Amino acid sequence: MPGETRSIAELVAAARGSERRATARLLTLVERGGPPADEVAERAWSALGGRASSGATSDGGDGNGHRAHVIGLTGPPGAGKSTLVAAWTTRLVERGYRPAVLAVDPSSPLTGGAILGDRVRMAEATAAGVFIRSMATRGHAGGLALAVPGMVRVLDLAGFDPVIVETVGVGQVEVDVASTADTVLVVVTPGMGDAVQANKAGLLEVADVFAVNKSDRPDAADARRDLELMLDLSDLTGHGRAGTGTDTRPSIISTVATTGVGVDDLADATDAHLTAQVAAGALAGRREDRWRAEVRSHLDRLLLDASRSAIAGSLPASGAPGAVARSLSEGVADRLLGHRIPGDRTAGEPAGHEGGAAEGDR
Amino acid sequence: MNETPLRVVLAKLGLDGHDRGLKVVARMLRDGGMEVVYLGLRQTTDTIIDAVEQEDADVVGISMLNAGHLTLGPRMVEALADAGLDVPVVIGGIVPDEDRPAMAAAGVAGVLGPGASADEVVACVRAAADTRS
């Protein structure tokens with residue numbers, strides 16, 4: 001990070017004052033992971049009034065480290081997500097909101113590189129003052145699930161509201177990342193398949209709001225009818241997350257992103273979903289779910305790092321994979337028992353960040 | 001996590017509708033393991049600066065096929081400096097050899113002409129990134 005001489009604490013203070021450059025630097029730190037990311041996350045958590053584990057109360061935040069309305073947006077490639085986000089966030093600015101967008105695109109599995117093209121469709125939104133950050137998945141296991149919530153919190157800290165996370169709705173992780181939001185918007189288009197296809201796709205189950213984009217196409221009415229049929233079935237069996245109080249029938253908004261048709265309705269629908277959740281007392285539960293998922297992601301990473309560093313160099317050249325793993329797992333267990341997995345940075349280098357766990361105090 | 005990919009903003013600056021070269025370069029840089037934030041056609045120094053700032057980019061690459069490099073190249077370098085962004089600029093496209101000293105004098109970190117190989121493109125962007133203080 002050349003040219004940046006400020007400490008993390010100074011960057012956090014500047015980001016709270018809505019400085020865009022400091023916000024961008026913090027996003028970079030969180031994305032890269034490791035101890036600096038942990039420090040940013042902890043400072044952002046306290047700044048947003050996140051409760052300590054002892055249960056102290058919050059100010060401005062909700063106790064789970066959130067102020068902003070977090071909206072996940074996903075859908076198949078080519079559905080018009082970026083174009084829709086551009087039109088929708090521009091309208092949100094006109095309504096007095098300060099939206100930020102985290103646009104996630106896949107990295108090449110072969111080279112680790114990526115072409116992040118969302119800004120091409122978002123010139124209008126940038127001009128309106130929308131903060132847009134492009135992000136590549138960077139391939140590492142669980143990395144996306146780990147980095148995105150931290151980056152959302154940085155944007156929240158900088159005063160952006162709503163914070164929109166846009167992912168391509170292909171792949172479990174991408175859908176999961178978008179679906180742990182306060183409101184989940186799924187963008188579909190005419191011609192994506194009949195009602196049976198719609199039922200098959202797990203993507204559709206996570207939606208709180210549907211946008212049928214490109215609805216100036218002749219078969220738009222069919223697409224809408226297919227969605228309604230699918231939702232009729234869900235009326236019988238229950239919508240989405242039973243027991244969270246948000247199991248109401250999702251709304252369907254017809255949009256044409258390129259001309260702005262339906263964009264006002266979309267802004268109304270996402271607002272209404274938030275309001276309804278608050279009224280039903282369901283928002284806190286949903287955010288607790290998200291908090292739990294975030295803890296799980298961090299734990300997965302610690303365990304993964306510990307097991308990778310435990311088996312490093314001891315992988316045999318052949319053998320039945322399951323049996324090899326079982327015999328190696330003893331080494332992992334020894335590693336976990338003999339070495340403390342650091343819960344705080346003062347305990348030493350986190351296991352596996354630079355290979356090799358630190359000597360523990362057990 | 002071990003080696004963070006370089007982040008490169010690629011744009012066509014000004015009125016110049018030929019973006020095939022830029023698309024080829026985007027692909028070369030991706031295949032070289034970099035993250036390319038692609039802005040595409042008809043960008044201004046302001047829109048590029050917005051992108052560089054929000055994306056925390058390491059290098060700016062602009063493509064010039066309209067002979068505007070002598071005017072717009074230095075202007076881009078100047079605009080970034082005025083914004084307090086220490087981010088090097090690489091220009092690709094049609095830059096006559098006799099203009100290269102002027103480009104270097106204006107602070108352009110690298111110039112890539114027609115026929116540059118993928119390896120040369122990647123090496124030039126990497127070298128530009130390494131010039132940062």
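Before opening the model I noted my first rule: helices (H or I, at least four residues) and strands (E, at least two) are DSSP runs, numbered from the N terminus. Axes, for the angles, are lines fitted to C-alpha atoms, for helices over the stretch in contact, and angles run from 0 to 180 degrees between N-to-C directions. Two residues are in contact if their C-beta atoms, placed from the backbone, lie within 7 Å.

This is a predicted model, in which local features need pLDDT of at least 70 and side-chain atom pairs count only at pLDDT 80 or more, while totals for chains, interfaces and linings use all residues. Residues are numbered from 1 along each chain as its sequence is written, and chains are lettered from A and ligands numbered from 1 in the order in which they are written.

**Entry 1**

I then picked V125(B) and skipped its neighbours within four places in sequence; its contacts are L6(B), V8(B), L29(B), M34(B), V59(B), G61(B) and V90(B).

- Strand 3 of chain A runs parallel to strand 2 (residues 35-43) of chain B over 3 bridges, and A114(A) stands opposite E35(B).
- Strand 1 (residues 7-13) and strand 3 of chain B pair in the parallel sense over 5 bridges; A11(B) has I62(B) as its bridge partner.
- Strand 3 and strand 4 (residues 89-93) of chain B are joined by 5 bridges, with G61(B) partnered by V90(B).
- Strand 4 and strand 5 of chain B are joined by 3 bridges, and V90(B) stands opposite G110(B).

Next I looked at burial, where a residue is buried if 20 or more other C-beta atoms lie within 10 Å of its own, exposed if 12 or fewer, and partly exposed in between. In strand 3 (residues 59-64) of chain B, 6 of its 6 residues are buried. One side carries V59(B), G61(B) and S63(B), the other V60(B), I62(B) and M64(B), and both faces are covered.

**Entry 2: where the chains touch**

I read 29 residues of chain A in contact with 26 residues of chain B. Helix 2 (20-32), strand 3 (114-116), helix 5 (123-128) and strand 4 (131-136) of chain A each supply at least two residues of chain A's side. Helix 2 of chain A gives the most, with 7 residues. By class I got 11 nonpolar, 12 polar and 6 charged residues on the chain A side, taking Ala, Val, Leu, Ile, Met, Phe, Trp, Tyr, Cys and Pro as nonpolar, Asp, Glu, Lys and Arg as charged, and the others, Gly among them, as polar.

**Entry 3: chain A on its own**

Chain A has 12 helices and 8 strands, and buried residues make up 44% of its 362 residues. In chain A, 7 strands form an open, parallel sheet in the order 4-2-5-1-6-7-8. Its edge strands are strand 4 and strand 8 (251-254) of chain A. Strand 1 (residues 70-75) and strand 5 (residues 163-168) of chain A run parallel and share 6 bridges, with T74(A) opposite T167(A). Helix 6 of chain A packs on this sheet, touching strand 1, strand 2 (100-105) and strand 5, and makes about 165° with strand 2 of chain A.

Not counting residues up to four places away in sequence, V256(A) touches K214(A), S215(A), D216(A), V261(A) and G262(A).

Key: Two strands pair if DSSP finds at least two bridges between them.
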